[in-house]
Amino acid sequence: MVALLKDDGEFVPTLVVRDPKAFKALAESMDKKKEPSPGLKRMLTENKKRFVVRSK
Amino acid sequence: MPESQLEIVIEPLGDHVRGDFCCGEKRIDNFFRNNARNSHDAYAQRIFVARYGDKTELLGFYALTLMTFALGMNEEADAKFGRFNSIPTIYLTMIGRDQTHGPKGIGSVLMEDAFRRCLSVRNNVGAYALTLHAVNERVAQRYEDLGFTRFHTELHDRQQKDETHRAMFYELNAIAAALAEGDAT
């Protein structure tokens, strides 16, 4: 979130991150089965109950 | 639409009034007030704002750009990962709720919209995950509850005493599965 922002709010893009640990975490997750998280399911249900969203 | 539901419009940043936006995080407020429009118009990132359907006050916003993760230049010439040179992701630069106008729950609405937009992007441009840095530990735990995974990256290791940096990711396939399930019910 704020990792790419200076104190004055200037945005400094970092398009390529050379980080073996981060790369490995992503690559390993590619082989895992994807299950919807209960927390995300709760969030979606709550959103649907309380809001009608028009996204442009 | 039931009376108790709030109608929210989420749209690309345009001529919206941003001068009094306040989410309480100084760097984000400064960015949004002073630099957001230039950054959006230059396509350095894209910014989406939320408002009530019949009002102009901003309730919150989020911003997306791209971030690619590559191997380091040394130790990880590892055969296991030789099939990839790099892994592209969509990066949630920031997300914020206006403390005055933003209703409780608008952060979740913005996050869901960001998820949906990421899935739309990946239909046209390859992207594996959504990545972000949580602003503090409380937020990081909230994101973990949603299904984000912590990276424990080199950056994290170097700055683990600095609570402003917490790198996380969420596979877009997992997000797609949850949204499909939610839309079907």
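Predicted model: local features only at pLDDT ≥ 70, side-chain atom pairs only at ≥ 80, totals over all residues.
**Entry 1, largest pocket.** I looked up the largest pocket and got a volume of about 900 Å³. Its lining holds 31 residues, and the closest to the centre are B:Arg97, B:Gly107, B:Arg138, B:Val139 and B:Arg142. I then listed the elements that give two or more residues to this lining: helix 2 (38-50) of chain A, and strand 4 (86-97), helix 2 (106-122) and helix 3 (137-146) of chain B. By class I have 13 nonpolar, 9 polar and 9 charged residues in the lining of the largest pocket.

Of 18 lining residues, A:Leu44, A:Lys48, B:Glu112, B:Arg116 and B:Asp183 are the closest to the centre. Helix 2 of chain A gives the largest share of this lining, 5 residues. The classes are 6 nonpolar, 5 polar and 7 charged.

My search of the whole structure found 11 aromatic pairs over all chains. B:Phe32 and B:Phe61 have ring centres 4.1 Å apart and planes at 20°, so I logged the pair as stacked. B:Phe32 is in helix 1 and B:Phe61 in strand 3 of chain B, 29 residues apart. B:Phe32 counts as buried at 0% relative accessibility, and B:Phe61 counts as buried at 0% too. For B:Phe69 and B:Phe151 the centres are 5.1 Å apart and the planes at 40°, so this pair is tilted. Both B:Phe69 and B:Phe151 are buried. I also found a cluster of B:Phe115, B:Tyr143, B:Phe148 and B:Tyr170, linked by ring pairs.

I found B:Arg46 over the face of B:Tyr43, 4.1 Å from the ring centre. The charged end of B:Arg117 sits over the ring of B:Phe48, at 3.7 Å from its centre.

How values were computed. Residues numbered from 1 in each chain as written. Chains lettered and ligands numbered in written order. Heavy atoms only, no water. 1 Å grid on protein atoms, 1.4 Å probe; cavity = no way out; pocket = protein on both sides within 12 Å on 5 of 7 lines; lining within 4 Å. Points joined across faces, edges and corners; volume = space filled by probe spheres on them. Helix = DSSP H or I, 4+ residues; strand = E, 2+ residues; numbered from the N terminus. Nonpolar A, V, L, I, M, F, W, Y, C, P; charged D, E, K, R; others polar. Phe/Tyr/Trp six-rings, centres within 6.5 Å; stacked < 30°, edge-to-face > 60°. Buried < 20%, exposed > 50% of the residue type's maximum accessible area, 1.4 Å probe, protein only. Lys NZ or Arg CZ within 6 Å of the ring centre and 35° of its normal.
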